[in-house]
Amino acid sequence: MALKLRRLSNALGAEICDIDLNKPMSESTFGEIHRVFLDHAILLLRGQNISREQHIEFSRRFGELDDHKSLPSDRHPDYPELLLVTNRPNADGTPSESRYTGRLWHTDLSYTTHPALGSLLKCYELPEVGGDTLFCNMTMAYDALSGGMKKLIADLHGIHISGTRKINQQDAGEARRAEVLKLNPPIAQPVVRIHPETGRKALYLGEKVKRFDGMTEAESKPLIDYLNKHATQPEFVYRHQWRQHDIVVWDNRCTMHQALGDFDETRLRHMERTTVMGTPSGYVVAGA
Ligand code: OGA
Ligand code: MN
């Protein structure tokens, strides 16, 4: 069966139009879906009104799932495989710990030695307008660099720091940030990585990277800023406008993403994510 696809942007992404996760799916159909995932890096599945168990079960077909012990405060209380990305206040009325998740360009769990292979984010509630997510293609970004730049960055490692945030409000979860940082010491990851399934090179950076290993922040910043800006230029980006019951699947090994805060914070935005574990990568940086 050939899947019906609709490309999402020139840079990346494809919607699979004829899929219903409420129905059983054969190995061969999943094989086709997986091929589209490798070819387009982002999958969009619309109208998937499925249970949490079904979300988890479908995610498992991509690989073993993370139990989110690096982010204990954001775990679903009943399902460790589900991570909450929500501004729904806690039962005691305090603000949700995860209301500012993803506001920097990043890839999931890059600040651990087991960065995520993929993530499957399902939309439950969204504001009337805004709350979009941006994705960029890091393979395309790498390929577009000059030979000189490719040579310059070939052996660099960027130090990824957990819990760094764009929003620096006093109430933006200081305790959570400290907790996450304690659980996750800074990790150096290669700036250029090879996708284990496609064999293609991709840039591996983001706004959680403050310096290169063996270099100062002042020395590193201009190049980090340049590469992040290069990678997130509109030509390499897809902007996803969510609908309720959308599931977006992304390949963390060749993309970055960013949640936009362009919505009325008094409105509910509630998403839940599963995280597929990737192959080990990176090393702990002592005293970083
Ligand atoms: C995530 C994330 C972005 C968003 O779930 O990993 O970064 O738009 N979410 O909610
Ligand atoms: Mn994320």
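A polar side-chain atom of threonine 133 lies 2.5 Å from an oxygen atom of ligand 1. The model is predicted, and local features need pLDDT of at least 70, side-chain atom pairs count only at pLDDT 80 or more, and totals for chains, interfaces and linings use all residues. Residues are numbered from 1 along each chain as its sequence is written, chains are lettered from A and ligands numbered from 1 in the order in which they are written, and side-chain values use heavy atoms, with hydrogens and water left out.

Two further side chains approach ligand 1. An N or O atom in the side chain of arginine 273 is 2.6 Å from an oxygen atom of the ligand. For histidine 257, the corresponding distance to an oxygen atom of ligand 1 is 3.1 Å. The protein covers 100% of the 290 Å² of accessible area that ligand 1 has on its own (Shrake-Rupley method, 1.4 Å probe). The residues around ligand 1, with a heavy atom within 4 Å of it, include Val85, Gly102, Leu121, Trp250, Ala259 and Arg269. His106, Asp108 and His257 also belong to this set.

These three residues coordinate the manganese ion (ligand 2). The donors are His106 (NE2), Asp108 (OD) and His257 (NE2), at 2.1 to 2.2 Å. Donors are N, O and S atoms within 2.8 Å of the metal (3.2 Å for Na, K and Ca); water is not among the atoms, so sites may look incomplete. Along the chain, the donors follow the spacing H-x1-D-x148-H. Histidine 106 and aspartate 108 are both buried, meaning under 20% relative accessible area with a 1.4 Å probe and protein chains only.

Threonine 86 lies in strand β4 (residues 83-86), strands being DSSP runs of E with at least two residues. Threonine 86 counts as buried because its relative accessibility is 6%. Its side chain forms a polar contact of 2.8 Å with that of histidine 270. Such a contact is a pair of N or O atoms within 3.5 Å, one able to donate a hydrogen and the other to accept it. Beyond its neighbours within four places in sequence, threonine 86 is in contact (heavy atoms within 4.5 Å) with Ser96, Ser98, Arg99, Arg269 and His270.

The largest nonpolar core has 41 residues. Such a core joins buried Ala, Val, Leu, Ile, Met, Phe, Trp, Tyr and Cys residues through side-chain atoms within 4.5 Å. Ile153, Val191, Leu203 and Leu227 touch the most other members. Helix α6 (residues 217-231) gives the most to this core, with four residues; helices are DSSP runs of H or I with at least four residues. Apart from this core lies another, of 24 residues, among them Leu3, Met25, Leu45 and Ile50.

Terms used:
Buried means under 20% relative accessible area, exposed over 50%, partly exposed in between (1.4 Å probe, protein chains only).
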